[in-house]
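Work through each task with the model open, then compare with the solution.

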Amino acid sequence: MKVFFDDSGFSFSDYESTLEKFKPNSLLTKKEMPFLELPKEEELLKISVVSDNLREKADTLVVVGMGGSSRGAKAVHQAVGRERGNLLFIDNIDPNLIDETLKKIDWKRTAFAFISKSGRTLETVTAMNVIIEELKRRNLTKGRLVFVGDRGNSFEEISREFDAPFLEIPKEVGGRFSVFTAVGLLPLMFASYDIVKFLDGAYDSINAPISAFYLAASKYLHYQKGRNISVVMPYSSYMSEFTEWYAQLWAESLGKLGKGQTPLKAIGTSSQHSILQLFIDGPDDKFYQLFFVNSYPVDLELPEKTYVLPYLSKKKISEVMRAEFEGTLFALKRSKRPIVRFELSSLSEYQMGYLLMFYMISVVVMAKLLGINPYGQPAVEIGKKYASEILMGRGGDV
Ligand SMILES: O=P(O)(O)OC[C@H]1O[C@](O)(CO)[C@@H](O)[C@@H]1O
């Protein structure tokens, strides 16, 4: 992955002097960034044994988990896979989504991963109860369940009741930073992704963190100038789940004490036809991150004689995409908007590992610059508490 800074207003020496006070290299420790500790061979083996056992009974794995407990795997699955092993995600308690998902599965050939760091998330627990009840009714609980969470949480206890495996999330690794633990690795292994390459990407990102530091510095400097919206715009329909993952990482890590940078998701080229007008000609309150993927598994060519637009003759579809990407870059630059451009060689396990780790490092550095603790999400907990009280019949004085 290559990163290009088309920053309007700041230079690399500005980034260096911004970072100097915080010495980002000294943040690359287990204490400051617990997620840097990638799983060792023994842990990987444990996860792969669980995955292999599930695969004996099932062709499909339904992942039940909210936010950080599912978004990472979902992002990688969408970007890299498309047609690989069958993963389904229940990450909302929309009754339609649950009904539709449970109607389309072959119960005899489906396994379920219930993933929750806390073991108490309302949506996950709700869906889990519905599913377990149905599995009991069909006498299918054996060998089809796995639980992932913090050691000692309620999911571990339930796993014992069903004699099902329990995979632990290291205590110090927060949910939205947990894609390189069993949370992300179990579903990805089940679906036969190349985990070694995924982790290699993460390792390489850790070993070359300078662009992640610079991105944090650049965003921070622009934030100080009132650019408090951070646009994430991949030119790929297969990275929309990545934008969701990014939104949680950026919003929950930084949105504290009246500070933060609002993530805004867009997809090239589709969003050019809805939101781009605002980007180029609206308020100058945004920081732009644009992504381009340089190779596709299939890239159709247009015919020699084309209707309407003769200049399309013999062009590859990717050339049209690239031209639109560059057109947008040019228009944004002309309006003097700050842009960082990412070029991914392909949507592979390696590139996704690199990208996800890159952003996790960057958000911690940005939090330091803002004087914020990147971990925890205390405000979300308030809403969760109210919801539980309503369900317990104690009302809520909203
Ligand atoms: O893994 P858990 O504990 O179920 O939490 C799910 C998600 O809920 C939150 O706590 C709040 O949105 C996220 O930080 C987390 O990823």
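**Exercise 1.** How many bridges join strand β7 to strand β9, and do the two run parallel or antiparallel?

Solution. Before counting, note that the model is predicted: local features require pLDDT of at least 70, side-chain atom pairs count only at pLDDT 80 or more, and totals for chains, interfaces and linings use all residues. Residues are numbered from 1 along each chain as its sequence is written. Strands (E, at least two residues) and helices (H or I, at least four) are DSSP runs, numbered from the N terminus. Now take β7 (residues 229-235) and β9 (residues 286-293): seven bridges join them, and the strands run parallel.

**Exercise 2.** Give the strand order of the open sheet that has mixed pairing, and state which strands stand at its edges.

Solution. Two strands count as paired if DSSP finds at least two bridges between them.
- Step 1: the order of the five strands is β1-β10-β9-β7-β8.
- Step 2: β1 (2-6) and β8 (262-265) each have a single partner strand, so one side of each lacks a neighbour in the sheet.
- Step 3: on average, neighbouring strands are turned by 20° against each other, direction ignored.
- Step 4: Phe5 stands opposite Val340 in β10, and Phe292 stands opposite Glu343 in β10.

**Exercise 3.** Describe the open sheet with parallel pairing.

Solution. Its five strands have the order β3-β2-β4-β5-β6. The edge positions belong to β3 (86-90) and β6, each with a single partner strand, so one side of each has no neighbour in the sheet. Inspect β2 (residues 60-64) and β4 (residues 110-115): they pair in the parallel sense over five bridges, with Phe114 in β4 as the bridge partner of Val64. Helix α5 (residues 122-137) lies across β2, β3 and β4, running at about 140° to β2.

**Exercise 4.** At what angle does helix α8 cross helix α13, and at what angle does helix α3 pack with α10?

Solution. Angles under 35 degrees count as roughly parallel, over 145 as roughly antiparallel, 65 to 115 as roughly perpendicular, and the rest as oblique.
- Step 1: the axes of α8 (residues 195-207) and α13 (residues 349-370) come within 6 Å and cross at roughly 40°. The two helices are therefore oblique to each other.
- Step 2: the residues of this contact include Phe198 and Leu199 in α8, and Tyr350 and Met352 in α13.
- Step 3: α3 (residues 71-81) and α10 pack at about 155°, with axes 8 Å apart. This makes α3 roughly antiparallel to α10.
- Step 4: among the residues making the contact are Arg71 and Lys74 of α3, and Glu241 and Trp245 of α10.

**Exercise 5.** Which residue has a positive phi although it is not a glycine, and which peptide bond is cis?

Solution. Most residues other than glycine have a negative phi, and most peptide bonds are trans. Asp163 has a positive phi of about 55° and lies in the loop between α6 (154-161) and β6 (166-169). The bond from Gly268 to Thr269 is cis, with omega near 0°. Thr269 is found in the loop between β8 and α11 (276-281).

Conventions:
Axes fitted to C-alpha atoms, helices over the stretch in contact; angles between N-to-C directions. Contact = placed C-beta atoms within 7 Å.
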